[in-house]
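The stops below can be selected one after another.

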Amino acid sequence: MRTEIDNFLITETPEAVELRFRRSFKDWFDLTWSIIFTAFACWLVWFVFQHGFQHMPAGRWAFGVFITIIAVLLAGDLWSRLVSPAGKLAWIDKSAKSLTIRPTVFSKRTYPLHEVGGFSSSNKGTRPSILHYIRRSMPRTLRLRLKRGGTVPLVHLSTIDIINLGNRQPRTDAILRAKKVAEEMNRYINQVKSPGKTGLRFK
């Protein structure tokens, strides 16, 4: 069984349930501009400080410090986009009754289903970071909630458009997508935990 929710794909087989995520054109577009802005900011830092700090006017020195801070923040934002996973995002092993997730391209975590609270699409209780202010708006985050406390963010869905690509309500679209994915994955988790029963739902 296959369930497609925009750029998410949930596939069920007798052995497992897989959640896959592919970057949309908008994701690649945003990533490209993030690279361009970061590269330009780094070039500006080099241009301002290429002759060193000696005899540098105060105004130029202050501008250089400001641009350096911007470059660091942009680089951090770019890094968060690059390490955000695509492809196989999460999968449920039905026989082992376990859930494996990929929070970043470099890491993988496995939890027994009895430790899993469920997928959540809510940003409630999220503490915004400096990187979110660079993006001007909090992204909608699909995350895994654990029963022992805490959440693990999996993928951030942008709630703004750098350039409008035909979607006039990117925030609403991101909220609906994340909510549908969370509900579908929670339904499968509940089925594997207790066949015939349903009940895991988060906003």
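Start by selecting R102, which lies in strand β5, residues 98-104. Strands here are DSSP runs of E with at least two residues, helices are runs of H or I with at least four, and both are numbered from the N terminus. This is a predicted model, in which local features need pLDDT of at least 70, side-chain atom pairs count only at pLDDT 80 or more, and totals for chains, interfaces and linings use all residues. Residues are numbered from 1 along each chain as its sequence is written, and side-chain values use heavy atoms, with hydrogens and water left out.

Stay on R102. Is R102 buried or exposed? R102 is buried (under 20% relative accessible area; exposed is over 50% and partly exposed in between, with a 1.4 Å probe and protein chains only). R102 has no salt bridge (a side-chain nitrogen of Lys or Arg within 4 Å of a carboxyl oxygen of Asp or Glu). For charge, Lys and Arg count as positive and Asp and Glu as negative, while His and the chain ends are not counted.

Now show the backbone oxygen of A86, which lies 3.0 Å from a polar atom of the R102 side chain. Beyond neighbours within four places in sequence, R102 is in contact (heavy atoms within 4.5 Å) with residues including P85, W91 and L154.

Move to D6, in the loop between β1 (2-5) and β2 (8-12). D6 is not a glycine, yet its phi is positive, about 55°. D6 counts as partly exposed because its relative accessibility is 45%.

Finish at K97, in the loop between β4 (87-93) and β5. K97, also a residue other than glycine, has a positive phi near 50°. Its relative accessibility is 38%, so K97 counts as partly exposed.

Key. A polar contact is a pair of N or O atoms within 3.5 Å; within protein, one must be able to donate a hydrogen and the other to accept it, and residues adjacent in sequence count only if both atoms are side-chain atoms.
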